[in-house]
Amino acid sequence: MIPSSVSIEEIFLLAAALFVVLAIMMFYRAVAGPTTQDRLLAVNVLGTNTVVILALLAAGLDEPWFLDVALIYALLNFLMAVAISKFTVERGGVL
Amino acid sequence: MIEAARFWAIVVLVVAGLFFTFVSAVGVIRLPDIYARAHTASQTDTLGAGLALAAVALALGWQQASVYTVLLLFFVFITNPTAAHAIARSAAETGIEPVTADSAADGDTREPSTASTDRNSSDDDGGSDVDGGETA
């Protein structure tokens, strides 16, 4: 029995709004983290949340090209995390 | 019937993804050091993102966009723990000390000395046992 008052698109948009709230919570650790790795980890989790938000918006707004943006964002997020964590160990070694 | 099952499966997957991502956010904000935060970011956040992306793939159905979503799901499942491991390893090689029970009790400076005295006392116990056996 599907409830008639709420549609599946509204569920995706509500979940995207809650994911935005959880992503904004990550800014506390990104600003106040005592070490560089704390800030990098917070930005990495925020990027993963952004990928999920883009996918939920693609399903909620029925715009499938948002998934391409999410895929590129996931690639750049992983590349950013590995590159900065490499850069903090041996400064100037790889970059 | 099938549509109702698909609807409630999507709702359950989205709510589970929101729950695990909330646990991850609380863990990254509240846990004491970088290693515990990398632990919760690698496991809980990966599971939350995977459940939410599975809900999106289930809602899109059989089309090209759901193939993109499944590819994105596998990519997140592989790269998110790898990135958290790289961050934790760079923290270990930079020389950040993990918070232990001793260092949380009486400060960071006492932690290596108490660890070394514990090792020395255990070695002394083993030596005294051997000595006692020889003298008896």
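Which pattern does chain A follow, read along the sequence? I read the pattern as α-α-α.

**Entry 1: conventions.** I noted that this is a predicted model, in which local features need pLDDT of at least 70, side-chain atom pairs count only at pLDDT 80 or more, and totals for chains, interfaces and linings use all residues. Residues are numbered from 1 along each chain as its sequence is written, chains are lettered from A and ligands numbered from 1 in the order in which they are written, and side-chain values use heavy atoms, with hydrogens and water left out.

**Entry 2: chain A overall.** I looked up the secondary structure and found 3 helices and 0 strands in chain A; helices (H or I, at least four residues) and strands (E, at least two) are DSSP runs, numbered from the N terminus. Chain A has 95 residues, of which 42% count as buried (buried is under 20% relative accessible area, exposed over 50%, partly exposed in between; 1.4 Å probe, protein chains only). I recorded an accessible surface of about 4,900 Å² for chain A, with 72% of it belonging to carbon and sulfur atoms; the areas come from the Shrake-Rupley method with a 1.4 Å probe, and for residues only the protein chains shown count as cover. Of the chain A contacts (heavy atoms within 4.5 Å) between residues at least 6 apart in sequence, 53% join residues at least 24 apart.

**Entry 3: UniProt record.** In an unreviewed entry, UniProt lists residues 12-28, 40-59 and 65-89 of chain A as "transmembrane region"; such annotations may be inferred rather than shown by experiment. I checked residues 12-28 of chain A, which are 100% helix and 0% strand, with end C-alpha atoms 26 Å apart. Residues 40-59 of chain A are likewise 100% helix and 0% strand, and their end C-alpha atoms are 29 Å apart.

**Entry 4: surface of helix α3.** I found a nonpolar surface patch formed by A:Ile72, A:Leu75, A:Leu76 and A:Leu79, with about 400 Å² of accessible area together. Patch members have over 30% relative accessible area and no salt bridge, and nonpolar side chains are joined within 5 Å. A:Leu79 lies in helix α3 (residues 66-89) of chain A and is exposed at 55% relative accessible area.

**Entry 5: aromatic pairs.** I counted 3 aromatic pairs over all chains (ring centres within 6.5 Å; planes under 30 degrees apart are stacked, over 60 edge-to-face, the rest tilted). One of them joins B:Phe7 and B:Trp8 edge-to-face, at 5.3 Å centre to centre and 90° between the planes. B:Phe7 is buried at 7% relative accessible area, whereas B:Trp8 is partly exposed at 41%. B:Phe19 and B:Phe20 also form an edge-to-face pair, at 5.4 Å and 65°.

Note on methods:
Rings of Phe, Tyr and Trp (its six-membered ring) pair if their centres lie within 6.5 Å; planes under 30 degrees apart count as stacked, over 60 as edge-to-face and the rest as tilted. Patches are made of residues with over 30% relative accessible area and no salt bridge: like charges are joined within 9 Å, nonpolar side chains (Val, Leu, Ile, Met, Phe, Trp, Tyr) within 5 Å. A salt bridge is a side-chain nitrogen of Lys or Arg within 4 Å of a carboxyl oxygen of Asp or Glu.
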